[in-house]
Amino acid sequence: MRTKLIVGNWKMNGSRAVNAGLLEGIVAGLDGARAEAAVCVPAPYLQQCQDVLTGTPVAWGAQDVSVHACGAYTGEICASMLAEFACRYVIVGHSERRAYHRESSELVAQKARAVLAEGMTPIVCVGETLAQRDAGETVAVVGGQLGAVLELLEPAQVAQLVVAYEPVWAIGTGKNATPAMAQEVHAALREQLRARNQDAAPTVRILYGGSMKPENARELLAQPDIDGGLIGGAALKARDFLAIIHAA
Ligand code: PEP
C-alpha cells in the first residue's frame with residue numbers, strides 16, 4: 001500500500017512574509033488528511049521551512065542540487081548543505097531545468113545519486129514535450145530519462161526514489177493529461193522500475209505533475225498507479241494545495 005504524497009513545487013516564488021502565511025495556512029488545514037505533504041522551496045527559504053514545519057506533518061525540500069561535493073563551484077549548492085536543513089526531498093530533473101539549463105538525463109542521474117548519498121529522497125522528474133507526444137514517443141522519452149537514473153543507481157536504491165511524471169506541455173499551461181493518459185505512462189514507468197528491482201517497484205511512488213488542481217485532482221489520484229502529485233501553481237495558495245491533499 002503506497003501512501004499518497006502531495007508535493008508543492010514553489011519554483012522561484014515566495015518572500016518571507018508570503019511564505020509565513022502559506023506555511024501556516026497549510027499546517028492549519030491538515031486535520032484529517034491521509035496523504036503525506038511536502039513543499040520544495042527556493043534554497044534561501046529552507047531555514048524558514050525548518051523553523052515553521054519542524055514538528056508538523058509537512059516535510060520540506062529543495063528544487064535542485066549540485067552533482068559535486070563541497071568545493072570551488074560558485075553558485076552551486078551541494079547535497080550535504082541541503083541535508084543540514086533537514087530536507088527530506090530534493091527535486092531533480094524538473095523540465096524547466098532540463099530546458100533552461102540544458103540538464104541531461106545523465107546529469108540528473110548523478111544528482112539523484114548525490115541526494116541519496118546524503119540520506120534524502122530524490123524526486124526524479126520525467127516528461128515528454130507535445131511534439132514528442134504527437135510523434136508517439138512518450139513512453140520512449142520518459143523511459144530514457146528514468147533509465148539513465150536506474151542505470152547509475154544500485155538496484156537497492158530504486159526503492160528510495162520518488163518519480164514524477166510531468167508532461168512538459170501540461171506544466172503551467174492549465175492543460176492536464178487525462179487520467180487515462182497519465183495512468184498509461186505511470187504503468188509503463190512502474191514496469192521499468194520492476195525490471196530493475198522487482199520488490200521495490202510496487203512501493204515506489206510515482207507522482208503526476210502538470211496543472212493538477214482541486215478540480216481535477218480527485219480523478220487523477222484515483223488511478224491505480226498515480227501515487228500523488230507534484231503541484232506548481234496550485235501549491236502557492238493554501239486553500240488549493242489543501243484541497244488537493246484532502247482529495248488524495
Ligand atoms: C511543476 O512545475 O512541477 C508543475 C506541475 O507546475 P503546474 O502545477 O503549475 O503545472
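Biologist: Which residues are the closest of those that surround the ligand?

Modeller: Bear in mind that this is a predicted model. Here 14 residues surround the ligand, and the closest are Lys 11, Glu 166, Gly 172, Ser 211 and Gly 232.

Biologist: And which polar atoms lie by an oxygen atom of the ligand?

Modeller: Look for pairs of N or O atoms within 3.5 Å. A side-chain example comes from His 94, with a polar atom 2.9 Å from a ligand oxygen. The backbone takes part too: a polar backbone atom of Gly 172 is 2.7 Å from an oxygen atom of the ligand, and for Gly 233 a backbone N or O atom lies 2.9 Å from a ligand oxygen. On its own the ligand has 290 Å² of accessible area, and the protein covers 95% of that.

Biologist: Now the interior. What tends to happen to nonpolar side chains?

Modeller: In soluble globular proteins they tend to be buried together. In this model the largest nonpolar core has 67 residues, and Val 39, Leu 189 and Tyr 208 touch the most other members. A second, separate core has 13 residues, among them Ala 38, Tyr 89, Cys 125 and Val 162.

Biologist: What does Tyr 208 touch?

Modeller: Leaving aside residues up to four places away in sequence, the contacts of Tyr 208 include Tyr 165, Pro 167, His 186, Leu 220, Ile 226 and Leu 230.

Note on methods:
Residues numbered from 1 in each chain as written. Predicted model: local features only at pLDDT ≥ 70, side-chain atom pairs only at ≥ 80, totals over all residues. Heavy atoms only, no water. Core = buried A, V, L, I, M, F, W, Y, C linked by side-chain atoms within 4.5 Å. Buried < 20%, exposed > 50% of the residue type's maximum accessible area, 1.4 Å probe, protein only. Contact = heavy atoms within 4.5 Å. Near = heavy atom within 4 Å. Polar contact = N/O pair within 3.5 Å; in protein donor to acceptor, adjacent residues only side chain to side chain. Areas by Shrake-Rupley, 256 points an atom, 1.4 Å probe, with all protein chains shown as cover.
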